[in-house]
Amino acid sequence: MRATAAVTPIALLVLAAGAGVYAFVIDRGTVSDSDRAARRRDVFPSFRVDEVTRIELDHGSEALVLERGSDAGGWTMTSPRREGADPGAVEALLRELETATRLRDVEPGDTRGLDSPRVRGAIRLAAIEYRFSMGDDAPRPDGAAYFRLEDEGTFVVSRALKVQLMRHADAYRERTMVAYGEGDVARLEVAGPGGGVALDRSGATFRLSPE
């Protein structure tokens, strides 16, 4: 009797452990019912900007890859070249991805351009990866495009999302020429074939150098 009584608690522990493993390893990579219900008409059924770690946009002639750093959360372009990414441009892309909506659902046979899409993409979040493709422009509304999200269906998306997804690597290059603020500069020299000029800081302004 004692051995039999001990079996039930042990079995319950095994079942609980199994359920925990399933939830962590298998179910963690799926969209929750609550997220899906809250974002019924959104392009991506679950999306949190701060959880996005990698964005891939393949335009055929160019494969753009943006990756979030593990330290301060800054973004780096790792393809087609490796350099820092402009934070404003990446933020604009992320916000558009987060708020993009499905304008209307369509049957796969009613689309154009998805067999040879203008853009193929992948977005990696903490526990989810989305893969998608964007085809030709849709007849309505103006500027909209056909879009297919893997395992989620085919629909029409807005011109705003289309424009963001069509942007190439140059749009994400850092625009800062010198990584210093104006207050950090003490002297500026510019030289050319006809001579040069030097400016020295004088309080809050700059004056021509006497040299």
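**Entry 1: R102**

I looked up R102 and found it in the loop between α3 (87–99) and β5 (104–105). Helices (H or I, at least four residues) and strands (E, at least two) are DSSP runs, numbered from the N terminus. The model is predicted: local features need pLDDT of at least 70, side-chain atom pairs count only at pLDDT 80 or more, and totals for chains, interfaces and linings use all residues. Residues are numbered from 1 along each chain as its sequence is written, and side-chain values use heavy atoms, with hydrogens and water left out.

Is R102 buried or exposed? I noted a relative accessible area of 12%, so R102 is buried. Buried means under 20% relative accessible area, exposed over 50%, and partly exposed in between (1.4 Å probe, protein chains only).

I then listed what R102 touches, not counting residues up to four places away in sequence: R41, D42, V43, P45, L149, E152, F155 and V156. Contact here means heavy atoms within 4.5 Å. A polar atom of the R102 side chain lies 3.2 Å from the backbone oxygen of V43.

**Entry 2: the sheet**

I traced an open sheet of nine strands in the order β4-β3-β2-β1-β6-β7-β8-β9-β5, with antiparallel pairing. The edge strands are β4 and β5, each of which pairs on one side only. Two strands pair if DSSP finds at least two bridges between them. Strands of a sheet pair through backbone hydrogen bonds, either parallel or antiparallel.

I followed β1 (residues 54–58) and β2 (residues 63–68), which pair in the antiparallel sense over five bridges. The bridge partner of R54 in β2 is E67. These two strands, β1 and β2, form a hairpin with four residues between them, and G60 in the turn has a positive phi of about 90°.

On to the next pair: β2 and β3 are antiparallel over four bridges. In β3, E67 has T76 as its bridge partner, and R68 has W75.

**Entry 3: helices on the sheet**

I checked where α3 packs on the sheet and found that α3 touches β1, β2, β3 and β6. The direction of α3 makes about 90° with that of β1. Axes are lines fitted to C-alpha atoms, for helices over the stretch in contact, and angles run from 0 to 180 degrees between N-to-C directions.

The other helix I examined, α4, lies across β1, β6, β7, β8 and β9 and runs at about 105° to β7. Which residues of α4 (residues 159–166) are buried? They are L161, K162, Q164 and L165. They cover an arc of only 165° around the axis, so they lie on the same side of α4. The arc is that of the directions from the helix axis to the C-beta atoms. What covers these buried residues includes β1, α3, β6 (119–124), β7, β8 and β9.

**Entry 4: backbone exceptions**

Most residues other than glycine have a negative phi, and most peptide bonds are trans. I therefore recorded the exceptions below.

- The peptide bond from S79 to P80 is cis, with omega near 10°; P80 is in the loop between β3 (75–79) and β4 (83–84).
- The peptide bond from R140 to P141 is also cis, with omega near -10°; P141 lies in the loop between β7 (129–137) and β8 (145–149).
- D151 is not a glycine, yet has a positive phi of about 70°; D151 lies in the loop between β8 and β9 (153–157).

Is D151 buried or exposed? With a relative accessible area of 74%, D151 is exposed.

Methods: A polar contact is a pair of N or O atoms within 3.5 Å; within protein, one must be able to donate a hydrogen and the other to accept it, and residues adjacent in sequence count only if both atoms are side-chain atoms.
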